[in-house]
Amino acid sequence: MVVQSVVLKRMFDTHKAEYEEAVLRSLNSGWYILGKEMEEFEKQFALYLGVKHCIALNSGTDALILAFRALGIHEGDEVIVPANAYIASVIGVTENGGTPVFVDADAHMEIDADAIEEKITDKTKAILPVHLFGQSSRMDKIVELVRKYNLKLVEDCAQCHGSKFNGKYAGTFGDIGCFSFYPTKPLGAMGDAGAIVTNNDALAEKVCLLRNYGSKTKYHNEINGVNSRMDEIQAAVLKVGLKYLDDGNEIRKVMALKYKNGIKNPRVFIPEKYAEVEHVYHLFPVLVEDRDSFQKYLNENGVRTQVHYPIPPYVAECYSDWGYGWSDFPNAESFAKQEVSLPIYVGLPNEELQYVIDVINNYR
Ligand SMILES: *Cc1c(COP(=O)(O)O)cnc(C)c1O
């Protein structure tokens with residue numbers, strides 16, 4: 001048996017007729033940019049999260065870049081970010097000239113909230129928790145620090161659509177929540193798409209200008225903007241996806257439980273989630289000391305896996321000028337060297353999931 005790590009066609013097929021109807025509807029409308037589909041999606045996603053505004057954008061990376069731009073982050077400003085983030089999280093800071101200040105991960109693979117305070121300086125302007133794998137970071141502690149030091153809070157929610165901390169949606173704790181709708185994400189488009197959410201009217205207005213050349217009225221460019229609009233076809237697709245977001249999160253939660261109960265191999269460690277978190281299992285990470293031979297063994301037995309992420313941003317080639325070494329953030333380093341993401345997605349047949357468990361349990 002061959003088990004792919006993700007099969008997007010299966011996700012599409014689950015609601016094929018509705019996706020096709022949505023795409024054809026937008027094609028036939030004759031209106032492709034900044035239209036009704038996008039406006040409706042913005043309203044629906046804001047309603048889902050219980051926030052005032054959603055501004056639909058081109059990608060999750062743009063959401064992060066424009067969030068920091070709208071908040072006025074610029075050269076000389078420091079932003080606290082997790083050492084084991086995805087590179088796009090850091091790009092949001094560096095594209096605005098800001099300096100990312102890394103904080104190591106805790107045992108749950110999220111930013112270590114207890115290690116943030118010692119990194120705060122008089123240059124610190126914001127904290128960027130990256131809710132990895134579908135799990136919200138420790139927002140109780142992070143919100144406390146944001147209040148204490150009067151900082152901005154931007155959440156990277158690219159992997160956690162629908163995840164909650166103490167019953168509150170990730171993305172709604174701070175000034176701006178940034179979402180990606182990359183096709184594999186818990187809420188995915190059929191192309192690139194992203195959004196920011198906020199309860200702040202002025203920030204919503206600003207991002208709205210930024211995404212459309214800095215203008216509200218054609219040819220009146222109030223600020224220096226970009227083009228980061230979500231197109232109508234993606235918005236129509238996302239309206240379908242949003243209807244089934246909770247279902248999909250539930251389906252992956254059941255799969256995660258099967259992995260947790262089924263995997264019984266002392267060499268394969270499953271990190272615990274926080275008790276306060278409703279996890280949506282965008283990914284299912286396990287940790288294995290001899291990752292290369294584990295992945296090779298899985299591969300030989302037909303099980304395809306991914307690594308999130310083999311090279312953490314603080315040692316990325318493009319940031320080599322900062323001079324960080326692998327061992328500067330020991331937990332991030334060991335996650336980067338031991339993490340393996342098992343197949344988990346809507347449409348993964350139960351036999352395939354069970355096969356993955358059996359193969360893992362036979363690993364010696
Ligand atoms: C996917 C992802 C992004 C980037 O989103 P794009 O839509 O691909 O630009 C940012 N941060 C995290 C944590 C992600 O997983």
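## Where the two domains meet

Between domain 1 and domain 2 there are zero salt bridges, a salt bridge being a side-chain nitrogen of Lys or Arg within 4 Å of a carboxyl oxygen of Asp or Glu. What the two domains do have between them is twelve residue pairs in polar contact, both residues at pLDDT 80 or more. A polar contact here is a pair of N or O atoms within 3.5 Å; within protein, one must be able to donate a hydrogen and the other to accept it, and residues adjacent in sequence count only if both atoms are side-chain atoms. On the domain 1 side, the elements giving two or more residues are helix H1 (8-14), helix H5 (87-94), strand S3 (99-103) and strand S6 (164-165). H5 gives the most, with four residues. Helices (H or I, at least four residues) and strands (E, at least two) are DSSP runs, numbered from the N terminus.

This is a predicted model, so to speak plainly about cut-offs: local features need pLDDT of at least 70, side-chain atom pairs count only at pLDDT 80 or more, and totals for chains, interfaces and linings use all residues. Residues are numbered from 1 along each chain as its sequence is written, and side-chain values use heavy atoms, with hydrogens and water left out.

## The domains themselves

Domain 1 covers 11-103 + 112-243, and domain 2 covers 246-361; these bounds come from an automatic or database domain assignment. Their C-alpha centres lie 24 Å apart. In all, 34 residues of domain 1 are in contact with 30 residues of domain 2, where contact means heavy atoms within 4.5 Å.

About 2600 Å² is buried between the domains, with carbon and sulfur atoms giving 63% of that area. Buried area is the accessible area (1.4 Å probe) that two parts lose on being put together, summed over both. Phe102, Phe133 and Gln135 supply 26% of what domain 1 buries against domain 2, more than any other three residues.

## Salt bridges

The structure holds 21 salt bridges. One of them joins Glu37 to Arg25, with the closest N and O atoms 2.8 Å apart. Glu37 sits in helix H3 (residues 36-49) and Arg25 in helix H2 (residues 16-29), so this pair ties together parts that are twelve residues apart in sequence. Glu37 is buried at 7% relative accessibility, while Arg25 is partly exposed at 32%. Buried means under 20% relative accessible area, exposed over 50%, and partly exposed in between (1.4 Å probe, protein chains only).

Helix H3 also holds Glu40, which pairs with Lys239 in helix H8 (residues 232-243), so parts 199 residues apart in sequence are tied together. Glu40 is partly exposed at 29%, and Lys239 is buried at 13%. Both belong to a network of salt bridges that links Glu21, Arg25, Glu37, Glu40 and Lys239.

Elsewhere, Lys253 and Glu278 meet in a salt bridge at 3.7 Å, N to O.

Lys185 is found in the loop between strand S8 (176-180) and strand S9 (194-198). Leaving aside residues up to four places away in sequence, Lys185 touches Ala158, His161, Ser180 and His282.
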